[in-house]
Amino acid sequence: MNLSYLFDITHWQLDTAGSIPQLILSHLWYVFLALAIGTAIALPAGLYIGHTGRGSFLAINAGNAGRSLPTLGLLMLMVTLLGLGLLPVLIALTVLVIPPILTSAYAGLRSLDQRVVDAARGVGMRPWQVLFKVELPMALPVLMSGVRSAALQVVATATVAAAVGLGGLGRLLIDGLAVNDYSRVLAGAIVVAVLAVLLDLVLALTQRWIVSPGLRVTR
Amino acid sequence: MITYLQNNSEVVLAALRQHIALALIPVVLGFLIALPIGYLGVRVPWLYHPLVNVCGVLYSIPSLALFVFLPVLLGTKILSPLNIVVALTIYTVALLARTVADGLRSVDALVIESATAMGYRRVRRLVDVELPVALPVILAGLRVATVANISLVSVGALIGVGGLGQLFTRGFQLFYLEPILVGIILSVLLAAVADLIIVLIQRAVTPWTRFAGSRA
């Protein structure tokens with residue numbers, strides 16, 4: 001156990017290639033891209049399934065199917081098919097993001113009190129108004145919990161990007177292991193864990209900010 | 001793919017066997033450890049929230065980081081399967097301790113009072129009444145933990161012990177598709193079979209849940 005790598009100031013220079021801040025930035029970049037693409041795919045699909053009730057079989061089983069797919073295998077499959085680069089990593093990470101968001105969007109809409117939805121329809125809202133002004137805002141807490149668990153998983157899993165030659169904090173783990181530098185491995189593990197906790201905190205604050213205060217008093 | 005399987009059946013079978021052991025031993029160990037911890041989270045109410053938070057943080061540690069770091073902590077060899085088993089046991093406990101606590105908390109207070117009134121003491125009540133009633137919740141958590149473990153084992157291949165994950169790294173190094181595909185398919189199948197087995201066990205040990213609809 002030694003923290004020398006983590007606290008060595010030369011590893012924190014912003015302009016040095018492979019320094020910890022640079023690895024954090026590339027790590028966050030993969031996480032952001034995967035979350036953005038995954039949400040863009042899973043959220044509309046989840047909302048559609050939850051709103052119409054069509055294809056709910058898909059939404060319920062997406063979670064388990066996604067969990068059982070080994071990300072490392074998918075990543076290496078994509079690299080073998082597409083060659084090295086950002087694209088295969090993004091595909092593998094996006095596949096990881098989709099199930100929790102899809103499932104939580106669906107579950108969020110389904111868990112709503114059906115009388116609220118009926119009331120919204122009763123006061124003359126159109127289907128898309130019901131969805132965006134009633135269902136989606138009320139489903140936000142459940143949806144955000146899905147986004148948060150997706151974010152946690154991606155932050156942790158983005159480390160495998162280093163296994164196929166990309167950057168991100170996995171570099172500290174893989175390179176440190178390759179040269180038996182455990183202080184570097186430990187630095188990588190700590191920074192990733194701190195990053196995961198911080199990201200969850202940011203998302204928790206976002207959740208507080210976007211969820212209607214009216215929904216907060218339930219407990 | 002068939003030719004690959006025919007030519008490498010021994011390698012694949014060995015990888016599969018290792019995968020099953022590496023994934024399922026932690027499930028059993030984790031379950032046994034999580035039971036008392038989860039129970040403690042219910043018996044001592046102020047422990048519940050710290051328990052949930054600690055479990056959340058533990059689960060957010062990247063598996064790769066834990067795999068490479070455990071040898072330093074435990075003094076085991078880097079290639080020892082023990083690292084994977086301990087790491088996955090930690091994840092399983094993190095997942096299940098909370099589920100056990102939630103399951104026990106979900107038991108209707110009336111049920112507990114009736115059991116007490118019928119003369120059940122604390123331990124017998126826990127074993128004969130509370131645990132069985134909490135079983136559907138606990139087993140749902142066990143399904144998640146089992147499936148997650150089976151897919152996590154393969155990350156261990158990056159440190160040389162990863163069951164089917166070794167087929168991934170081999171295919172990746174040789175730029176050869178077949179072993180990767182075989183590994184993914186077997187891993188997903190294994191998860192599906194394990195999940196199915198737990199569902200069947202659940203149906204067998206909690207027959208009353210099948211009539212839940214008619215009760216209300």
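User: Between which two helices of chain A is the loop that holds Asn180(A)?

Analyst: Good place to begin, with a note that this is a predicted model, where local features need pLDDT of at least 70, side-chain atom pairs count only at pLDDT 80 or more, and totals for chains, interfaces and linings use all residues. Residues are numbered from 1 along each chain as its sequence is written, while chains are lettered from A and ligands numbered from 1 in the order in which they are written. Helices here are DSSP runs of H or I with at least four residues, strands are runs of E with at least two, and both are numbered from the N terminus. The loop holding Asn180(A) lies between helix H8 (170-178) and helix H9 (182-210) of chain A.

User: What is the phi of Asn180(A)?

Analyst: Most residues other than glycine have a negative phi. Asn180(A) is not a glycine, yet its phi is positive, at about 55 degrees.

User: Is Asn180(A) buried or exposed?

Analyst: A residue is buried if 20 or more other C-beta atoms, placed from the backbone, lie within 10 Å of its own, exposed if 12 or fewer, and partly exposed in between. Because Asn180(A) has 9 C-beta neighbours inside 10 Å, Asn180(A) counts as exposed.

User: How many of the 10 residues of H8(B) are buried?

Analyst: Helix H8 (residues 165-174) of chain B is mostly covered. Its buried residues include Gly165(B), Leu167(B), Phe168(B) and Phe172(B). Of the 10 residues, the number buried is seven.

User: Against which helices do the buried residues of H8(B) pack?

Analyst: Packing here rests on contact, meaning that two C-beta atoms, placed from the backbone, lie within 7 Å. The partners come from both chains: helix H4 (71-82) of chain A, together with helix H2 (9-43) and helix H9 (177-205) of chain B.

User: Leaving aside neighbours within four places in sequence, which residues are in contact with Thr169(B)?

Analyst: Thr169(B) sits in helix H8 of chain B, and it is buried because 21 other C-beta atoms lie within 10 Å. Its C-alpha atom is 9.4 Å from that of Ser154(B), 15 residues apart along the chain. With neighbours up to four places away left aside, the contacts of Thr169(B) are Ala157(B) and Leu158(B).

User: How many residues does H9(B) give to the side of chain B that touches chain A?

Analyst: The contact takes 34 residues from chain B and 30 residues from chain A. On the chain B side, helix H3 (48-60), helix H4 (63-74), helix H7 (122-152), H8 and H9 each supply at least two residues. H9(B) gives the most, and its count is 10 residues.

User: By class, how is the side of chain B that touches chain A made up?

Analyst: Ala, Val, Leu, Ile, Met, Phe, Trp, Tyr, Cys and Pro count as nonpolar, Asp, Glu, Lys and Arg as charged, and the others, Gly among them, as polar. Counted this way, that side of chain B has 25 nonpolar, eight polar and one charged residues.

User: Which residues have the most contacts inside the largest nonpolar core?

Analyst: A nonpolar core is a set of buried Ala, Val, Leu, Ile, Met, Phe, Trp, Tyr and Cys residues joined through C-beta atoms within 7 Å. The largest one has 119 residues, and its largest share, 14 residues, comes from helix H5 (residues 81-105) of chain B. Beyond four places in sequence, Leu173(A) is in contact with residues of both chains, among them Val185(A), Leu64(B) and Val68(B). Those with the most contacts inside the core are Leu75(A), Val97(A), Val154(A), Val155(A) and Leu173(A).

User: In which helix of chain A is confidence lowest?

Analyst: Chain A has nine helices and zero strands. Confidence is given as pLDDT, the predictor's score for each residue from 0 to 100, and chain A averages 87, with 98% of the residues scoring at least 70. The highest mean, 92, belongs to helix H2 (residues 20-52) of chain A. The lowest, at a mean of 78, is in helix H3 (residues 56-68) of chain A.
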